[in-house]
Amino acid sequence: MSGSGERLVPAECGRLAAGLRELKDRTGLSLAALGERTPYSKSSWERYLNGKKLPPRQAVDALCRLAGEPADRLLALWELAEQSWSGRAAAGEPSPQTPPPVVPPPVVPPPVVAEPERRPFLVRRVLLSAAVAVLVVAGVVAALVLASGGSGAGGRDRDPANPIAAASYPQSYEPGCRGTECEGADPTQMGCGAQGMLVTLLQRRAAGGQRVEIRYSEKCGAVWVRSMNLRLGDHVVLTLPGADAKELKAASQRDTELYLSTAMTATKDPEKARVCVLPAGGSPECFVPQSPAPRV
C-alpha cells in the first residue's frame, strides 16, 4: 500500500476499471466534467478509472446512468471486485469492512549464547531469517513501484499515424487472458477492450445503418467484433481461417440500443479477420480490414 492509501488492485478490480473507462469514453466527458455531474471529484474519478482505488457502488451506478447503460453487468463486476478488495473472497468472511490479513515479516531472533557444537546451527538459522526478511522487503518495494503508475490523462487524444501509441491511462493490471486462453471469452470481462489495449482494424457502416468494428488486442492476442445500430433480428458474424465463427444477434429491442460484442478469437493474424452483417430480411454485407486504424 502506498502513502496515499492506494494499492495494486486484484484482477477483478482491473476488469471493473476497464468497463468504467469504456463507459466514460462513450459519454465523451472529461474527468472534470464527470466531477461536475456526479458527487465524486475529478481526482477520485482518475483513481477509479485507473484501477488504483475501488469506486463506491453509487459511483458505478452514476456512470452507467450518464452513459445510458444498464447497470446490472457492471454492478455484478463491482460485487466481485469488492470481495477481492476487502479480502472476503479469500477469507470467506461476511463483513465487507474486514481488511485482508496482514502477514508480519519474519523476526530475526536475538543473539543466543550456545554451546560450541550448536553455533553452526544458530548461524544458519539467523542467516536464513535475514534472507527471508530481505525477500519480503523487496516484494513490498516492487508492489509499490507497480502501484505508483502516475496520473492518468483525462482526454481522448490519439495519434492516427501510430496505432501502437502509449495508452492514455497507465496500465496497473494485466488482462484476464492471453492467446488461446482468450478463445471464446468476453473481451470486456477479460479487460482486453480497455482503452490503450486495443486497435480498431476496421470501422464500417452497412447499407441498413448497422455499424461494425473489428478490434484487436495485441496483449491479449485476440480479435473480436463490436457492433451497434442493429435492427431486431440482425446477425453479425466474425470469421478467421481455421477458427470457429463468432456470432452476435439483436434478439431484443434493448439489443438494438446498445453496443454488442462477439466473443474473442485467439489469433496472430488479425488482418485475416472478416465480419459479415446479416440483416433480417436483407442481403449480407461483408468487410475485411484494409489498413490499421487509430487506437481507441
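**View 1. Cys64 and Cys13, two buried cysteines.** Cys64 comes out as buried, with a relative accessibility of 1%. Cys13 is buried too, at 5%. Here buried means under 20% relative accessible area, exposed means over 50%, and partly exposed is what falls in between, using a 1.4 Å probe and protein chains only. A word on what you're looking at: this is a predicted model in which local features need pLDDT of at least 70 and side-chain atom pairs count only at pLDDT 80 or more, while totals for chains, interfaces and linings use all residues. Residues are numbered from 1 along each chain as its sequence is written, and side-chain values use heavy atoms, with hydrogens and water left out.

**View 2. Helix 3 and what covers it.** Helix 3 spans residues 42-49; helices (H or I, at least four residues) and strands (E, at least two) are DSSP runs, numbered from the N terminus. Its buried residues are Ser44, Trp45, Glu46, Tyr48 and Leu49. The cover over them includes helix 1 (11-27), helix 2 (31-37) and helix 4 (57-67). After helix 3 comes Gly51, with a positive phi near 75°.

**View 3. The Cys177 to Cys182 disulfide.** The structure has three disulfides, and this view takes the one between Cys177 and Cys182, with an S to S distance of 2.0 Å. For the term itself, a disulfide is a pair of cysteine sulfur atoms within 2.5 Å. The Cys177 and Cys182 link is right-handed, at 110° about the S-S bond. Cys177 is buried at 3% relative accessible area, and Cys182 is buried at 0%.

**View 4. The Cys192 to Cys220 disulfide.** Here the S to S distance between Cys192 and Cys220 is 2.1 Å, and the link is left-handed, with -100° about the S-S bond. This pair connects distant parts of the chain, 28 residues apart. Cys192 sits in the loop between helix 7 (119-148) and strand 1 (199-205), while Cys220 sits in the loop between strand 2 (211-217) and strand 3. Cys192 is buried, with a relative accessible area of 0%, and Cys220 is buried at 0%.

**View 5. The Cys276 to Cys286 disulfide.** The sulfur atoms of Cys276 and Cys286 are 2.0 Å apart, and their link is right-handed, with 110° about the S-S bond. Cys276 counts as buried at 10% relative accessibility, whereas Cys286 is partly exposed at 34%. Counting bonded cysteines along the chain, the disulfides follow the pattern 1-2, 3-4, 5-6.

**View 6. Arg226 and its surroundings.** Arg226 is part of strand 3 (residues 222-228) and is buried, with a relative accessible area of 10%. Its side chain makes a polar contact with the side chain of Glu22, at 3.4 Å. A polar contact is a pair of N or O atoms within 3.5 Å; within protein, one must be able to donate a hydrogen and the other to accept it, and residues adjacent in sequence count only if both atoms are side-chain atoms. Setting aside neighbours within four places in sequence, Arg226 is in contact (heavy atoms within 4.5 Å) with Glu22, Arg211, Val212, Glu213, Arg215, Tyr259, Leu260 and Ser261.
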